[in-house]
Amino acid sequence: MFQSLPGFRDFLPDDCAVRNHLFRHWRQSARLFNFAEYDAPVLEPLEIFTQKSGEEIVGQLFNFTDKGGRAVTLRPEMTPLVARLVGEKAGSLKRPIKWFSVGEQYRYEAPQKGRLRAFYQWNCDIFGQSEPAADAELIALCAEALKAHGLTSADFAIRLSDRDLWLGWLSGLGFEGDRASQVLVVVDKMERDKLDEQIRKLTPLFGPRALDFLGQVEKLKSLRSLDALRAFLSAQELGDEIRARLDKRLGEWADLLRQLEALGVADCIRIDLGVVRGLAYYTGFVFEAFEATGKGRALAGGGRYDNLVEKLGYQPMPATGFAMGDVTLRILLEEKGLLPKLIQAPDLYCVVGGEAERHSALRLAASLRAAGHAVEVPIKTTGFVKQLAAASASGAKLALIIGSEENNKGMVKIRDLAAKKEAEFPQARINEAVEQVLAEGLA
């Protein structure tokens, strides 16, 4: 007896139908915003992920040395891969580059509800555009995709923050480069770490002022409007250069919020500087979509990463993107009763009298399938009553009934299984007859 590995899933037909339902919505949403689909290999050089996220990520990967002696890993995410693809072809790609992918990712971490070792993600990215318009479009796409599943602003919120604003403020406090990044790593984990742990981590940087700094951080994180954010920064003792930098950034915030309002998604946007996305490669606006009620699980996350393409060895190119996972999204949709009943049903079900009639049914099925209809022909012939019951249970719209009497006349009965009406048509014009019945019904 064998079972799937921990953190991996089997997809039986019902589960596969749900998965494909999510994929279908993702693809439809991306195409409404004119994004083009791409894909990349599941197995990649390990270095591309350590280059992006540092050596510490190795503990989260399914990595190994292949038979060619190369250090490789199953992909844990798509961001460095799409950055590589765009970097390689940058000279031939028209800006802005708007790409999306739907694919399976792998992370070696402890499985739990909402977090597995193998999961699907929808990734959307825009390259070659540094203005807030690109950030607005991605945030709107994320929101509209969630709404397309029937979710509303009562079910989810997109928490909007800004690494650039954080770095500007920290620069005014004397923290630059790696030291600023160390502070943001602590801020990113504040919701999980206890106060004593936060102070322990910040003391090497702030000394006895660590607790006072945490008080300022808590105040900054509590702000929920642009005016409140502007007032907080105005009250800070900052140099003229830093103040000018922050004022410019607040103007970009105002531009972004205006565009989000025009895009019709302002109802689900929450200013929340508590979101900093701990990874150091983020450079500007960052955001995360969360459940608005219940356990508050994360549904999506992303932000601007203007330096990554250059970091991978290519020409500099601004970039921003996000990823949405299938696991927590499915859980939320199930809890809200928003997953439709997905039935795989044929359009037509053939009911046949015997082998001679079955042979005729096969010819009709071939013609109808060529026209794009899903047709079920019983592999083993049983009695008419059982076949009609099976046709009704299958979810088919119509049954094609071919008994010996119909077959001898070159006819077929088309039965509307819902209306329980039927009429005879020539087998020779089966395609035309089916189209007519599907469009007009039976008199």
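A salt bridge, for today, is a side-chain nitrogen of Lys or Arg within 4 Å of a carboxyl oxygen of Asp or Glu. Keep that in mind. The model you see is predicted.

How many salt bridges does a search of the whole structure find? It finds 36.

Start with Arg-115. Its partner is Glu-109. Their closest N and O atoms are 3.4 Å apart. That counts as a salt bridge, because the cut-off is 4 Å. Now, is Glu-109 buried or exposed? Glu-109 is buried, at 18% relative accessible area. The limit for buried is under 20%. Arg-115 is partly exposed, with 44% relative accessibility.

Next pair: Arg-429 and Glu-432. Here the closest N and O atoms are again listed, at 3.4 Å apart. Arg-429 is partly exposed, at 27%. Glu-432 is partly exposed too, with a relative accessible area of 49%.

Now a network. Which residues do shared partners join? They are Asp-162, Asp-164, Arg-245, Lys-248, Arg-249 and Glu-252. Salt bridges link them into one network.

Let's look at one pair from that group. Asp-164 forms a salt bridge with Arg-245. The closest N and O atoms sit 3.6 Å apart. Where are the two residues? Asp-164 lies in helix 5, residues 163-172. Arg-245 lies in helix 10, residues 240-262. So this pair ties together parts that are 81 residues apart in sequence. As for accessibility, Asp-164 is partly exposed at 23%. Arg-245 is partly exposed as well, at 33%.

That's my tour.

Definitions and conventions: Residues are numbered from 1 along each chain as its sequence is written. This is a predicted model: local features need pLDDT of at least 70, side-chain atom pairs count only at pLDDT 80 or more; totals for chains, interfaces and linings use all residues. Side-chain values use heavy atoms; hydrogens and water are left out. Buried means under 20% relative accessible area, exposed over 50%, partly exposed in between (1.4 Å probe, protein chains only). Helices (H or I, at least four residues) and strands (E, at least two) are DSSP runs, numbered from the N terminus.
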